[in-house]
Every structure is written in C-alpha cells, then in structure tokens.
Amino acid sequence: SKREIKMRKLDSTKVRPLKSEQLLHIEDHDFALRPGFGGSPIPVGIDVQVESIDSISEVDMDFTMTLYLRHYWKDERLSFRSNKNKSMTFDGRLIKKIWVPDVFFVHSKRSFIHDTTVENIMLRVYPDGNVLFSLRITVSAMCFMDFSRFPLDTQNCSLELESYAYNEDDLMLYWKHGNKSLSTDEHISLSQFFIEEFSASSGLAFYSSTGWYNRLFINFALRRHIFFFVLQSYFPAMLMVMLSWVSFWIDRRAVPARVSLGITTVLTMSTIMTGVSASMPQVSYIKAVDVYLWISFLFVFLSVIEYAAVNYLTTIEERKQLKKRGKASGMYSMDAVQAMAFDGCYHDTDVDMDLSPYPEPCEENETRASQTNISSEDTPRLKRKRSLKGNVGRIILQNNHVIDTYSRIIFPSVYIVFNFFYWGLYM
C-alpha cells in the first residue's frame, strides 16, 4: 500500500549500499573472516618506502621513522567484472567494511597514521580480487643500543612487523619483492649519524600461548659523526691536559701560580666530564669517551701531585740549608712567622733557634731526641743500606728542580702514546 511504501522511505535504520559496495558484493560476504578461511594460510606481501628518520634518542634508546607501508594480498570476495580491466581506488572509509591484515610494529612505543588533510590511507582493488592497501605512518620504536664505543660507535636498529592475531597457520607475511621491497628517500640525513645501509630480512617469532608468527625486519646501521664530539669533548680535554703542563715551566717557588693553575684545570676537566655524562643514559659499563676523559683527568691530577712533591722537597732542602748556616754561626735568629713555619709551634716574639740536626716540634723535641741514639753495634750491611738510602735521598733533595725538567718530557710523551693507542683501538 502507499502507507507501507511511505514508511519504508522514512525508516532511517536501513541504508542503501553505495554503488561501489554493490559492485564489490560487500553485503554478500562476512569479512570478519580472513580470505580462504579454513584452508592454507593467506600470503600477504609487504613493501616499505622510508620517507625519513626523524630522530634518534640515546637517552630513551629509541628512534622515530616515517614510512609508507603497503600490503598486497588476494581476496576473491572482492573480485568484480570490468570490461577495461581497470582497478578501483578507495580511501579509508571502505577499510572498516572489509578484511585487512592486522600488521603491527613490535617494540613500538608510539605510532599514528597521518590524517592531514584526511587519513593517509589508500585501498586499490583489482578485478581479479588482488588488493593493495597503503598507509603513511610515523612510528617510534625501541633500539637496543650499545654505548661501549661511544662516541666512536655504530648502532644497528630494526623495525619489526608482525601480525597480531594470525599465526603462521592463517597468515604468511613476506617481502613482496625480496630485498628490493625496502626503498628509501635519497635525501634522508641525520644530524649526528651517517646511515650506512638499509636491509630487509625475515624470521619467525614464537609465543608460548599462541604459536609461531612470521616477522619482517627493517634493518639499518647508523655510524655516529665524530666531529661534534671532537669539538665538544676531546679537544677541550686535550687543551686542559696541555694547560696543566704549563705548571712545569713556572718557578717552583711561585706557589699561588702553580696551585691555582692546577686547581683550575682539575675543575674544568670535572665540568667536561659532567656535561658528557648528563647527555647520556646511565649505563653500567664504561664508554670509550669515559676512558679518554678519565685518563686526561688523571694526567691533570698528576701534574698537581707533581708540584706538591717538588714543593715539599724544596722546603726540606731549604730547611737543611738553614740548619747548616745555623751550625756555622751557632744560633740562627728569625721572626715568629718563620719560626712557626719550621717547627710548627706558635711564638709571640722573635726567637733564637738552635737548628740542631733533625729538630722535632715543640715539647716533643727532648723526649724524641733521647730515643734516636744509634747503637754502635749496627752491622756493616745495615750501615751500607742506610748510607745508600741517604745518598739517594740527598741527591733527590739537592736536585728537586730536575723533577720539573723530567716532567716536561715524560708527561707529553706518555700522553701522545696514549692518544695513538686510544684512536687506533676505537677507530
């Protein structure tokens, strides 16, 4: 009746299928099931075009990549008649109504399909039922990095693709064109890395609860640019080590100059080491840059210790010279400051000090002097041993300035050898 026809027109729950859906017979099939359900696994070919590698993060140990991901499979349920044998192309609206492979990225942290100005999804169906499904995706995935050779390292990362629901009994993932299935943009570049190679590989992954799955790998090797770290870490460390050697040419009596120079270089090296560590993950092993900076720090520290030894021996030598002068005159007069410097005790006014051999500070002089009598029964061997030690000590005391002379040669020579060994080992 007319009333029934009018009611059918007003029924909004029944939507007529689109012409394209009628042509593909979408309403006639259950697309919740994979093609060829119950039979052999459906082969799904993959090819990838890498558009860019957006970032590499050492701290988070991940990378971000933008790529075109294309799937190829055959679904006879979507076959249609075409006089000109032309394919039909659709956007993302048809994806929700048909079966598509459920490929996901293993070890991914974040990923999204670009949606400007619309979702970057393309579906192309051929008359014989072959399907091309293409996506433009940005994905951030983990990269297990080894920093033992940082910053002279090469990192190998991979992006892994796998079906989430269908194991190898239902779906077989493979590279559509073998090694040629992976292509890259010619203009891909990174600020800190040089991309050495891209390669495609495949394998199997096993899960105890669900079985074996086909897995595809996008492998790429990244070699770090060293020039940035030479300018920021290595070159400043070299300059600080060489600056610490300036101390060897300063007069050993210029205590403020040599001490301030040593402390300055030590603090600067500490700052360089802290800056490098702050930009790196807190790993439990030693990195190559740590070896270089710690050895450089050791050279700077040893230059400070070298001056401490020179200054100490110089003080002892001058004290002994004053003793000899005091013996010749019988008594040596000095002010309170000088007296305190030599015996370690406080004096109110100028004093006359008897600089007898091996004086001891303050009240302990008399008690210790009584205990230093050498027995007359020492053996000849013990006498020769003490005589040898005394001669060596006397030579060192009388020629303490030679330590600086030797340091000017030994420190640079050892540091140059270390540099040759270091760069030969890690480069």
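Select Cys143 and Cys157: a disulfide (a pair of cysteine sulfur atoms within 2.5 Å) links them, with S to S 1.8 Å. Cys143 sits in the loop between strand E7 (130-142) and strand E8 (154-163), and Cys157 in strand E8, so the pair ties together parts that are 14 residues apart in sequence. Strands (E, at least two residues) and helices (H or I, at least four) are DSSP runs, numbered from the N terminus. The torsion about the S-S bond of Cys143 and Cys157 is about -80°, so this disulfide is left-handed. Cys143 and Cys157 are both buried (under 20% relative accessible area; exposed is over 50%, partly exposed in between; 1.4 Å probe, protein chains only).

This is a predicted model, where local features need pLDDT of at least 70, side-chain atom pairs count only at pLDDT 80 or more, and totals for chains, interfaces and linings use all residues. Residues are numbered from 1 along each chain as its sequence is written, and side-chain values use heavy atoms, leaving out hydrogens and water.

Next, select strand E6 (residues 121-125). E6 pairs with E7 in the antiparallel sense over 5 bridges (strands pair if DSSP finds at least two bridges between them). Leu123 has Phe133 as its bridge partner in E7. Strand E3 (residues 88-90) is also joined to E6, running antiparallel, by 3 bridges; the partner of Met88 there is Val125.

Finally, go to helix H4 (residues 255-278) and pick Ile263. At 44% relative accessibility, Ile263 counts as partly exposed.
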